[in-house]
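This briefing is intended for a reader who is meeting the structure for the first time. Please consult the sequence and the model shown below alongside the notes that follow.

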Amino acid sequence: IMAATARAPSNELVFVANGAALVSVDGHHVLIDGGVSPQALDMGLGSSLAFSDRRIDAIVDTDPASKNVASLRSVIERYSVSVVLDPGMEYPSYTYGRWLESAEARNIPVIALRQGASISVGRMRIDVLSPNGIYPNQKDGAGVLRLEFLHSTILYMGPVSQRAQADLPFRADVRAQTVISPVPVIPSLAGAIGARN
């Protein structure tokens, strides 16, 4: 299920590149994933942010795939970034290792993307629902987030495997108004997402 852009005056969730989203609320910005092309991401951020705005409050990496983290690495080379949430995989690729080295070289704190982790940026809150550990199959360890902003709750899923999706409702409250996912959502998870509060 893909969501349309949610907009309000100066508050929005925008897909800035294929596989990357920028959440902006009251001048605070959180970038979720980098997509498949550093150039496309750079252009998307350039059209979404004011020319003088060279700050991103947080980057959330839900997928350690090489193309995704190569795009994120290009972002931390051009923008001031306050914090990174990252799956902390055991170096599935050289590109992933370079991404983490780049964050460390710029003294950007890196928080493990693990169930229970949470950050607040202005009036938005991001809770990590998954993964709950390091998995040998990186799709089992892809990130799942609950975003709360603009009186909305969004379930934002990385490229999560069916196995991890089946597990998720037993470990976390997945109820949400909107789902953003690059992969099909399995029926049991879809039912849990839509469950009445």
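In this predicted model, Ile59 touches Leu31, Leu72, Val75, Ile76, Val81, Val83, Val84, Leu85 and Trp99, leaving aside residues up to four places away in sequence. Ile59 is also among the residues with the most contacts inside the largest nonpolar core, together with Leu31, Leu45 and Trp99.

**Nonpolar cores**

- The largest nonpolar core comprises 24 residues.
- Two or more residues of this core come from each of the following elements: the strands β2 (11–17), β3 (20–25), β5 (55–60) and β6 (80–86), and the helices α1 (38–48), α2 (66–78) and α3 (94–105).
- Another core, of 23 residues, lies apart from the largest one and includes Val121, Val128, Leu147 and Phe149.
- As a general point, nonpolar side chains tend to be buried together in soluble globular proteins.

**The five-stranded sheet**

- Five strands form an open sheet in the order β8-β9-β10-β11-β12, and their pairing is mixed.
- At the edges stand β8 (118–121) and β12 (178–180), each of which pairs on one side only.
- On average, neighbouring strands of this sheet are turned by 20° against each other, direction ignored.

**Pairing within the sheet**

- Strands of a sheet pair through backbone hydrogen bonds, in either a parallel or an antiparallel manner.
- Strand β9 (residues 124–130) pairs with strand β10 (residues 144–149) over five bridges in the antiparallel sense; here Ser130 has Val144 of β10 as its bridge partner.
- Val144 also stands opposite Met157 in β11, and β10 and β11 run antiparallel, joined by six bridges.
- The hairpin of β10 and β11 has two residues between the strands, and Leu150 takes a positive phi near 55° in this hairpin.
- Between β11 and β12, which run parallel, there are three bridges; Ile154 has Thr178 in β12 as its bridge partner.

- Helix α4 (residues 162–171) lies across β9, β10 and β11 (152–157), and runs at about 115° to β9.
- Strand β11 is mostly covered, with five of its six residues buried.
- Together, β11, α4 and β12 make a right-handed β-α-β unit.

Notes: Residues numbered from 1 in each chain as written. Predicted model: local features only at pLDDT ≥ 70, side-chain atom pairs only at ≥ 80, totals over all residues. Heavy atoms only, no water. Pairing = 2+ DSSP bridges. Helix = DSSP H or I, 4+ residues; strand = E, 2+ residues; numbered from the N terminus. Axes fitted to C-alpha atoms, helices over the stretch in contact; angles between N-to-C directions. Contact = heavy atoms within 4.5 Å. Buried < 20%, exposed > 50% of the residue type's maximum accessible area, 1.4 Å probe, protein only. Right-handed = clockwise from strand over helix to strand, strands pointing away. Core = buried A, V, L, I, M, F, W, Y, C linked by side-chain atoms within 4.5 Å.
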